[in-house]
Amino acid sequence: MASYKKNQSIAQYQKFIEKVYAVPGDRNFSLEEILVQHQRFTMRALKGIRKNDQKKLKFNLLDSFSWSFTIANRLHFSLENILWQRFSYLCSYCASVPCICKIKKVKKRRKIIVDNTKRPKSLKGFQKMFNEIYPKEGRTLEHAGIHLAEESGEVSEAVHAFLTNQTNRKERFLNIKEELADYISCSFGVANSSDIDIAEGLSDLFYNNCLACHKAPCKCTLDSITNFPS
Ligand SMILES: [Zn+2]
Ligand SMILES: [Zn+2]
């Protein structure tokens with residue numbers, strides 16, 4: 001039986017998603033179709049914000065968070081590593097904690113100096129880190145949701161640019177990694193703004209293989225995914 005436990009790391013969560021969803025994902029979905037699912041659940045989470053429906057927001061935020069790992073697995077990179085390289089207990093833009101982008105009107109991305117001693121060991125630790133870099137008091141939940149939508153579009157844009165261009169492959173691939181890291185950062189932002197504990201939520205959903213069919217690898221039919229209730 002595969003499961004995700006609430007004290008585990010992001011890397012362990014990615015491994016879990018690979019174990020349960022890599023086989024059906026690779027066989028049944030193109031990368032573009034995976035992106036459609038990623039956006040679909042992101043938009044459902046945003047609907048949860050608009051409708052003030054915490055249950056809808058939480059479930060769909062966790063689901064879109066999980067589809068992010070299917071993207072990373074499909075492209076064979078570690079989401080935890082890129083997340084840490086980009087946000088090493090510092091804002092990825094102003095290189096401060098807490099972020100001072102708004103106060104100082106920072107116009108140019110500052111260089112980040114990575115201090116590996118600060119790297120959180122668990123997914124929960126990363127959520128806490130993001131609340132220290134971007135405290136929830138600095139934005140509304142709606143603002144966090146709009147930012148998540150922006151980043152979800154930028155992930156699609158980056159993947160599209162990679163798939164349709166033969167030039168600058170290395171840079172374009174790095175861009176996908178960075179955009180997905182930004183998306184995850186914004187997922188933590190929405191979670192922090194709505195008091196959702198992502199690690200707890202994932203451990204409640206993924207206590208026994210796939211959250212719906214409870215098999216590993218997942219045996220959910222394409223119809224059941226298409227008709228998945230929101
Ligand atoms: Zn900043
Ligand atoms: Zn399943």
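Predicted model: local features only at pLDDT ≥ 70, side-chain atom pairs only at ≥ 80, totals over all residues.
Local features require a pLDDT of at least 70 and side-chain atom pairs a pLDDT of 80 or more, whereas totals for chains, interfaces and linings use all residues. Residues are numbered from 1 along each chain as its sequence is written, chains are lettered from A and ligands numbered from 1 in the order in which they are written, and side-chain values use heavy atoms, with hydrogens and water left out.

The zinc ion (ligand 1) is coordinated by the SG atoms of Cys91, Cys94, Cys99 and Cys101 at 2.3 to 2.4 Å; donors are N, O and S atoms within 2.8 Å of the metal (3.2 Å for Na, K and Ca). The angles among the four donor atoms run from 103 to 116°, and the site is tetrahedral (four donors with all angles between 85 and 135 degrees). Along the sequence, the donor residues of this ion are spaced C-x2-C-x4-C-x1-C. Cys94 is buried at 1% relative accessible area, while Cys99 is partly exposed at 24% (buried means under 20%, exposed over 50% and partly exposed in between, with a 1.4 Å probe and protein chains only).

Cys213 is partly exposed, at 22%, and Cys218 is buried, at 9%.

The largest pocket holds about 790 Å³ of space. A pocket is an open set of points on a 1 Å grid over the protein atoms alone, where a 1.4 Å probe fits, with protein on both sides within 12 Å along at least five of seven lines; lining residues have an atom within 4 Å of a point. Of its 28 lining residues, Cys91, Cys99, Cys101, Tyr134 and His147 are the closest to the centre. Helix H8 (169–193) is among the helices that supply at least two lining residues, and H8 gives the largest share, six residues (helices are DSSP runs of H or I, at least four residues, numbered from the N terminus).

The second largest pocket holds about 360 Å³. Its lining comprises 21 residues, and those closest to the centre are Tyr21, Asp63, Trp67, Cys218 and Ile225. H1 contributes the largest share of this lining, five residues.

Conventions:
Points joined across faces, edges and corners; volume = space filled by probe spheres on them. Tetrahedral: all angles 85-135°; square planar, octahedral: opposite > 155°, others 65-115°.
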